[in-house]
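Today I am opening the notebook on a new model. I want to look at a helix pair and at a pocket.

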Amino acid sequence: MPMSDPMLPQVVRVLRRRRELPEVWTLEIEPASDAAADAPNFEPGQFNMLTAFGVGEVPISYSGDPQRSQRWVHTIRAVGAVSTALTRLRAGDVLGVRGPFGSAWPLAAAEGRDVLVVAGGLGLAPLRPAIYRLLAQRRRYGRVTLLYGTRSPDDILFRRELERWRRRLDVDVQVTVDHAVGDWHGHVGVVPALIARADFDPARTSALVCGPEVMMRFTLAALRTAGVAETAIHLSMERNMKCAVGLCGHCQFGPTLVCRDGAVYRSDLLAPYLPIREL
Amino acid sequence: MPTAMRRIDQIVREHRFFAGLTDADVDLISGCARNVAFAAGDYLCREGQPADRFFLLRHGRVALEIAAPGHGALTFQTLAEGEIVGVSWLVAPYRWQHDARALEPTRAIAMDAKCLRGKCDADHDLGYEMMQRFVPLLVQRLHATVLQALDIYGDAHKS
Ligand SMILES: Cc1cc2nc3c(=O)[nH]c(=O)nc-3n(C[C@H](O)[C@H](O)[C@H](O)COP(=O)(O)OP(=O)(O)OC[C@H]3O[C@@H](n4cnc5c(N)ncnc54)[C@H](O)[C@@H]3O)c2cc1C
Ligand code: FES
């Protein structure tokens with residue numbers, strides 16, 4: 001991917017902003033000017049460094065369709081100064097962008113295999129580009145299953161899209177919430193519990209997992225119990241970042257740097273460091 | 001009724017929860033088993049009542065609920081085919097800690113808890129087989145409860 005100076009943000013405009021959940025917004029932005037305009041210009045799983053001018057810069061994953069190279073899509077939860085400033089940008093406003101950075105979901109390696117996508121909360125956003133690609137190239141894969149867990153029915157991200165995918169006959173979409181009251185008719189319980197019920201052949205399954213770290217640890221345990229090989233499980237990790245190009249050491253995780261070696265990791269490379277609270 | 005007995009035997013043998021049991025154990029267990037059906041909205045059990053049965057779901061879906069003041073029924077887990085409703089029968093004082101309500105027409109095997117406890121007391125090998133099946137289930141439910149209690153989606157930025 002051509003990039004003039006990876007440390008220098010390019011100034012781009014917001015094309016559209018959409019509210020997903022009370023604190024979560026999706027921004028569609030112009031791609032960096034040096035990105036290819038007529039071909040996929042990022043890989044599912046990668047992220048950008050986004051700058052809210054005058055406030056700061058943060059890593060945010062791509063959440064849009066990799067086939068749509070004309071606009072880059074990011075889904076952002078307002079948690080602090082920078083993410084909040086980004087979610088307040090409107091169509092026409094400018095922001096800075098550096099990227100794409102980081103590793104990708106192993107979609108080519110998963111061809112011919114069953115694919116199990118396990119997402120928790122906002123972890124669905126970094127997985128959505130992978131889901132778009134799996135569905136666009138559906139014939140290349142065996143059974144495709146999406147298991148999504150979140151807190152309550154009101155916290156379901158991309159709800160309409162999940163409903164649309166559910167209606168397809170060639171993908172199994174299961175949504176579960178931690179607890180529910182009233183008229184929710186779907187599953188209740190944690191997302192790892194759905195793994196035991198899902199229909200896949202563990203010996204030829206690739207699993208893609210993204211969500212809060214605790215959810216990923218429990219998911220990993222459930223996948224192991226189901227018989228999925230450690231080398232066939234990939235997780236997306238998050239650590240605070242500064243340079244995003246492997247120079248500053250800010251994003252260190254065990255012996256690795258998340259910006260350079262991740263954010264998508266094969267689980268056997270990561271597992272030894274996962275249960276440790278702080279590294 | 002020999003036909004009914006045979007059917008229960010078969011059902012118990014084929015249920016994934018009892019996979020790997022010897023024929024003799026299946027016979028013993030089946031003596032405590034009965035086929036039951038529930039319409040959508042029916043309760044399989046109610047909080048506070050004696051836990052004198054547990055259920056192996058064959059078809060349908062069941063919600064485990066707790067009455068939460070001001071909220072009505074709070075569902076904390078849904079269970080489906082192949083899964084077990086009820087672990088309170090394992091430990092004294094053998095009372096249900098929650099409601100279980102059928103969300104759709106549901107068929108299940110109801111196990112008479114007293115009958116099964118009696119057989120496990122009399123035959124510790126059978127008791128061990130049962131514990132080998134129930135302990136992982138309890139651990140799994142404990143982990144799920146921990147995850148839910150942590151409310152991991154609540155404050156993490158990825159939630
Ligand atoms: C590779 C990568 C991809 C990411 N993708 C997305 C995405 O698609 N959408 C999205 O909304 N966010 C994503 N994040 C997280 C996002 O970068 C942080 O939320 C952001 O940096 C917070 O900055 P802030 O200035 O708004 O908040 P701060 O003031 O820095 O933090 C506010 C609060 O959030 C907590 N927090 C901040 N960052 C993290 C973190 N990484 N892990 C845990 N807690 C944190 C802080 O402890 C603090 O309590 C990603 C992070 C990485 C590393
Ligand atoms: S952010 Fe600087 S090394 Fe990763």
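Are α2(A) and α3(A) roughly parallel or roughly perpendicular to each other? I looked up their axes, and α2 (residues 124–136) and α3 (residues 159–167) of chain A cross at roughly 30 degrees. Angles under 35 degrees count as roughly parallel, and therefore α2(A) and α3(A) are roughly parallel to each other. Their axes come within 13 Å; axes are lines fitted to C-alpha atoms over the stretch in contact, with angles from 0 to 180 degrees between N-to-C directions. From α2(A), I noted A:L124, A:R128, A:I131, A:Y132 and A:L135 in the contact, and from α3(A), A:E161, A:L162 and A:W165 (contact means heavy atoms within 4.5 Å). I sorted these residues into 6 nonpolar, no polar and 2 charged.

A note on ground rules: this is a predicted model, where local features need pLDDT of at least 70, side-chain atom pairs need 80 or more, and totals for chains, interfaces and linings use all residues. Residues are numbered from 1 along each chain, chains are lettered from A in the order written, and side-chain values use heavy atoms, without hydrogens or water.

Next, the second largest pocket. I noted 31 lining residues, with A:A193, A:A196, A:T225, B:P136 and B:Q140 nearest its centre (a pocket is an open set of points on a 1 Å grid where a 1.4 Å probe fits, with protein on both sides within 12 Å along at least five of seven lines; lining residues have an atom within 4 Å of a point). Helix α4(B) gives the largest share of this lining, 10 residues. By class, the lining has 20 nonpolar, 6 polar and 5 charged residues.

Technical notes. Helices (H or I, at least four residues) and strands (E, at least two) are DSSP runs, numbered from the N terminus. Ala, Val, Leu, Ile, Met, Phe, Trp, Tyr, Cys and Pro count as nonpolar, Asp, Glu, Lys and Arg as charged, and the others, Gly among them, as polar. Angles under 35 degrees count as roughly parallel, over 145 as roughly antiparallel, 65 to 115 as roughly perpendicular and the rest as oblique.
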